[in-house]
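Let's take a walk through this chain together, one group of side chains at a time.

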Amino acid sequence: KKRNSLFDMALVTFFFVFMFVAPQVQLKALELPNTMSIDSTMTVKTNGLLSIFLLSYIMFRKININWRIIPYMNGIKHKQQVGIILTLISFFILLLFCKDAYSSIIFKKIAAFSYEITPKASLLLKNKVVYMLPFVAFSFWLFNNKKWRFPEISITLILFLVFIFFKNPINEKRNLIGPLYLSLLYAFFSKKTKHATNNIFLALVLILLLFFPSIKVFTHSSALFLLNNQVKETSSLFVSSLFSMKKNLSSLDFDAWSMSVAVVEFADEKGFSMGRQLLGSLSFFIPRVLWEGKPVGTGQVVGTWLMEKYNHWFYQLSIPFPIEGYIDFGVLGVLIYSFALSMVGRISDRLIKCENKYYMFLGVYMSFYLFYLLRGDLISCLAYFIGFLISYLFVPFVLSNIFSLFKLAGSNNV
């Protein structure tokens, strides 16, 4: 609260909901979402590791680091030209992929991709980079415009509609669109809520407890299904899920703590991977065709073990970030991962304090994306976040430099 860090707020909220409230309900019901039996030794050990992660994160955040976390950013040059090109690219994407996006909304044709633990490179590029560019164009106009005349307002609204067409609850995972919409809401209300730390915490807790599980009504269904079930019935399903808190807290939506227990037991039984899982996560961009022995995601590894030992029904599971460190290097890994996260938190805080609103939004997005990262697993979180960075930072940066080169070439010719 003293730092007024949105990143820290997201971390505390996640631990409160997923590692405290949900386990209380599950342990009281004597049933874990991942079908494991309750073991008091594993429970104590897991809670101890999570406590070590949280306390070490707090300690690392309090250390005064003098060197600059991120370089000074002057912002992207030639904003008007870059904004126009991004707008044209967005319209081109709409024309080129309109049919695919429409099919994914109506028939949920990309559902198989949406639940893959290790996404294919081609699908990752299209769905997480190309489809994100309309949002980038919208953000570029929204955060870089100083004069809001009719043309600017019209273009921004049109780009917002294009963005919603490609990124909505029906054709995208809730863990991925959640940070986008939460970041936009925070950016819109940030001036009013700048010092309302308690209000933000309460709002995030309610969102995770109520809307996170309930939004499945839309994210796990096609538009055709929703229309066939009529608006009234769909609304009834949503409202029913909204107020089934006890049932929701016992579902796989809140399996973070039980999966932490599973990883601890798995590591005790099979041993630590000694960095193999981390290597697989960092090399997500390498096609398996080129590296047949590339490690699969930790969720798949532990999920397969759960199927064999506890009769779990599928293996594509989420693994919380703190325990990813444990499966790699034991307690040392928990400390390393907490330090790494504390550095990411510093970057997020610095970005939020930027005068450049475009970079400020990136810091806000990082804070809300933390919910997804903490829930895991690491390989999918890294892949999707890098895809976002390519579209949000790399593409505008390249366009800006191209315009600078043209300008330089023009001045030399003169």
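What follows goes from charged pairs to aromatic rings and ends on one helix.

Keep in mind that this is a predicted model. With that said, let's start with charge. Side chains of opposite charge can pair when their charged atoms come close. How many salt bridges does the count come to here? It comes to seven.

Take Asp-100 and Lys-126 to begin with: they form a salt bridge whose closest N and O atoms are 3.7 Å apart.

Now jump along to Glu-265 and Lys-309, whose side chains meet in a salt bridge at 2.9 Å, N to O. This one also links distant parts of the chain, with Glu-265 in helix α14 (residues 256-270) and Lys-309 in helix α16 (residues 298-310), 44 residues apart. Are the two ends buried or partly exposed? Glu-265 has 13% relative accessibility, so it counts as buried, while Lys-309 has 39% and therefore counts as partly exposed. The line between the two classes is drawn at 20%, since buried means under 20% relative accessible area.

Arg-149 and Glu-152 make another salt bridge, with their closest N and O atoms 2.7 Å apart. Here Glu-152 counts as buried, because its relative accessibility is 9%. Then there is a group to pick out by eye: Asp-8, Arg-61 and Asp-349 are linked in a network of salt bridges.

Have a look at Tyr-384: the charged end of Lys-128 sits over its ring, 5.1 Å from the centre.

That brings us to the aromatic rings, and the structure holds 35 aromatic pairs. One of them is Phe-321 with Tyr-337: their ring centres are 5.0 Å apart and their planes meet at 40°, so this pair is tilted. Phe-321 lies in helix α17 (residues 321-329) and Tyr-337 in helix α18 (residues 331-352), so the pair ties together parts that are 16 residues apart in sequence. Both partners are covered: Phe-321 counts as buried at 8% relative accessibility, and Tyr-337 is buried with a relative accessible area of 5%.

How do they compare in exposure? Val-398 counts as partly exposed because its relative accessibility is 30%, whereas Ser-400 is buried, with a relative accessible area of 5%. What does Ser-400 touch, leaving aside its neighbours within four places in sequence? It is in contact with Ile-76, Lys-77, His-78 and Val-82.

Val-398, by contrast, takes part in a nonpolar patch on the surface.

Note on methods: Residues are numbered from 1 along each chain as its sequence is written. This is a predicted model: local features need pLDDT of at least 70, side-chain atom pairs count only at pLDDT 80 or more; totals for chains, interfaces and linings use all residues. Side-chain values use heavy atoms; hydrogens and water are left out. Patches are made of residues with over 30% relative accessible area and no salt bridge: like charges are joined within 9 Å, nonpolar side chains (Val, Leu, Ile, Met, Phe, Trp, Tyr) within 5 Å. Accessible areas come from the Shrake-Rupley method with a 1.4 Å probe; for residues, only the protein chains shown count as cover. A salt bridge is a side-chain nitrogen of Lys or Arg within 4 Å of a carboxyl oxygen of Asp or Glu. Buried means under 20% relative accessible area, exposed over 50%, partly exposed in between (1.4 Å probe, protein chains only). Rings of Phe, Tyr and Trp (its six-membered ring) pair if their centres lie within 6.5 Å; planes under 30 degrees apart count as stacked, over 60 as edge-to-face and the rest as tilted. Helices (H or I, at least four residues) and strands (E, at least two) are DSSP runs, numbered from the N terminus. A charge sits over a ring if NZ of Lys or CZ of Arg is within 6 Å of the ring centre and within 35 degrees of the ring normal. Contact means heavy atoms within 4.5 Å.
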